[in-house]
Amino acid sequence: MKIAIGTKNPAKVEAVQTALGSWEDCSFSALSVPSEVSPQPFTDEETIQGAINRATNALEKAKAEIGIGLEGGVLETDYGMFLCNWGALVTKGNAPLIAGGARILLPHEFAVKVRGGMELGHVMDELLHTNDLSKREGAIGVFTNNWIGRKEMFVHIVKLLAGQYDYGQGE
Ligand SMILES: O=P(O)(O)OP(=O)(O)OP(=O)(O)OC[C@H]1O[C@@H](n2cnc3c(O)ncnc32)[C@H](O)[C@@H]1O
């Protein structure tokens, strides 16, 4: 079965390959595709839409049987700004399967900069003097002292998608 992943971000690609390791006869292709939402989604709805668009665009571009899209975003609440992440699994002609990941509050000084218009990935690299942190442990890794890294968080999302697919949803 051909599985297309709508990103080349290693944290996401490795998460899909790890999560689906027990599925037999799978081949994976990682493709750069547009999310067709803003570079920094600000709501659950926009982040979900980005994940669905990535999955759909990857499915079509690779002519695969399954398309998977993973999207990061932020969410304003009365408690502050949360990091949010969503995934979608798309098969041709069926409604997308959707799953959400763990969410944690962003520290105030990071949230302020995101509210000011900077993408979270750039804020992280600027304030922490890192490079491409979003391709490795990510904000969730930093702010949990690496108890949960970005790949691990996405592994959980992909397992939630695969489980729904195995259950027979999305057919
Ligand atoms: O290469 P792609 O797949 O586009 O991955 P990305 O990390 O750049 O893009 P996302 O759509 O997943 O995330 C949207 C923005 O939020 C940032 N972001 C989301 N979660 C993050 C995290 O855990 N750590 C750092 N940046 C994060 C990310 O860097 C982007 O600027």
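**Helix packing and the ligand shell**

Helix α3, which spans residues 108-115, packs against α4 at an angle of about 130°, and the axes of the two helices lie 9 Å apart. The model in which this pair is seen is a predicted one. Angles over 145 degrees would count as roughly antiparallel and those from 65 to 115 as roughly perpendicular, and α3 and α4 are therefore oblique to each other. The crossing that α3 makes with α4 is right-handed. On the α3 side the residues that meet the partner helix are Phe 110, Lys 113 and Val 114, while α4 brings Leu 120, Val 123 and Leu 127 to the contact. Sorted by class, this contact of α3 with α4 holds five nonpolar residues and one charged residue, with no polar ones.

From α1, the residues Ala 11, Lys 12, Glu 14, Ala 15, Val 16, Thr 18 and Ala 19 take part, and they meet Arg 150, Lys 151, Phe 154, Val 155, Val 158, Lys 159 and Ala 162 of α6. The residues of this contact between α1 and α6 comprise eight nonpolar, one polar and five charged.

We turn next to the ligand. It is surrounded by 19 residues, of which the closest are Thr 7, Gly 72, Glu 119, Gly 121 and Gly 138. Strand β3 (66-77) and the helices α4 (120-128) and α5 (138-143) are the elements that each give two or more residues to this shell. In terms of class, the shell around the ligand is made up of seven nonpolar, eight polar and four charged residues.

Finally, an unreviewed UniProt entry places the feature "domain: Non-canonical purine NTP phosphatase/PRRC1" at residues 6-158. Within the model, that span of residues 6-158 is 40% helix and 22% strand, and the C-alpha atoms at its ends lie 13 Å apart.

Definitions and conventions:
Residues are numbered from 1 along each chain as its sequence is written. This is a predicted model: local features need pLDDT of at least 70, side-chain atom pairs count only at pLDDT 80 or more; totals for chains, interfaces and linings use all residues. A residue is near a molecule or strand if its C-beta atom, placed from the backbone, lies within 6 Å of it. Helices (H or I, at least four residues) and strands (E, at least two) are DSSP runs, numbered from the N terminus. Ala, Val, Leu, Ile, Met, Phe, Trp, Tyr, Cys and Pro count as nonpolar, Asp, Glu, Lys and Arg as charged, and the others, Gly among them, as polar. UniProt positions are given in the numbering used here, feature names are shortened, and annotations may be inferred rather than shown by experiment. Two residues are in contact if their C-beta atoms, placed from the backbone, lie within 7 Å. Axes are lines fitted to C-alpha atoms, for helices over the stretch in contact, and angles run from 0 to 180 degrees between N-to-C directions. Angles under 35 degrees count as roughly parallel, over 145 as roughly antiparallel, 65 to 115 as roughly perpendicular and the rest as oblique. A crossing is left-handed if the near helix is turned anticlockwise from the far one by less than a right angle, and right-handed if clockwise.
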